[in-house]
Amino acid sequence: MRASGTAGRRGRVLVVEANARARDWEAGWLEDAGFDVTVCPGPSAPDYNCVGSRTGTCPLASDADAIVLDLTLAGDVAGEGTRAWELLLLYFGLGKPTVVVASGDEPFVPTGGDHVSVIERPVGREALLRAVRSALIA
């Protein structure tokens, strides 16, 4: 789905989530709320490397107004390749407001602020929409 022009557009959101079911739910909630959504499973097998970590930019992130990033991606689980925290740094460098999805047992969870907000897993519809809306107006 792509909004034409900016009139009435609520924003473009990139959802980076390895879990297909969670990715579909989050994208659906955002689309239902009027956002233009792009999804990405994050770095995947065989090397778990992201184009952004190789080039310093990501075309999907560059086109987004905000990003939803789950801190547990396939590379984090496999222990190789591009980690979620590296993507967070990339998005921060691009100046993209990012909503981080995390749980208490993550090895790294940002504290929020400076274009980063944190919501806890499991993600609920209202918490996600509130965080994304807040990220877009900050």
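The crossing of helices α1 and α6 is right-handed, a term used where the near helix is turned clockwise from the far one by less than a right angle. The structure is a predicted model, in which local features need pLDDT of at least 70, side-chain atom pairs count only at pLDDT 80 or more, and totals for chains, interfaces and linings use all residues. Residues are numbered from 1 along each chain as its sequence is written, and side-chain values use heavy atoms, with hydrogens and water left out.

Helix α1 spans residues 20–32 and helix α6 residues 125–137; they pack at an angle of about 60°, their axes lying 10 Å apart. Helix α1 is therefore oblique to α6, the class left for angles that are not under 35 degrees (roughly parallel), over 145 (roughly antiparallel) or 65 to 115 (roughly perpendicular). On the α1 side, the contact (heavy atoms within 4.5 Å) is made by Glu26, Trp29 and Leu30, and on the α6 side by Arg125, Leu128, Leu129 and Val132. By class, five of these residues are nonpolar, none is polar and two are charged.

The largest pocket has a volume of about 190 Å³. A pocket is an open set of points on a 1 Å grid, where a 1.4 Å probe fits, with protein on both sides within 12 Å along at least five of seven lines; lining residues have an atom within 4 Å of a point. The lining includes Glu17, Ala18, Asn19, Asp70, Thr72, Arg121, Pro122 and Val123. Helix α1 supplies the largest share of this lining, four residues. The lining comprises six nonpolar, two polar and four charged residues.

Most residues other than glycine have a negative phi, and most peptide bonds are trans. In this model, the peptide bond from arginine 121 to proline 122 is cis, with omega near 0°; proline 122 lies in the loop between β5 (116–120) and α6. A cis peptide bond also joins alanine 45 and proline 46, with omega about 15°. Proline 46 is located in the loop between β2 (36–40) and α2 (51–55). Tyrosine 48 is likewise found in the loop between β2 and α2, and its phi is positive, near 60°.

How values were computed: Axes fitted to C-alpha atoms, helices over the stretch in contact; angles between N-to-C directions. Helix = DSSP H or I, 4+ residues; strand = E, 2+ residues; numbered from the N terminus. Nonpolar A, V, L, I, M, F, W, Y, C, P; charged D, E, K, R; others polar. Points joined across faces, edges and corners; volume = space filled by probe spheres on them.
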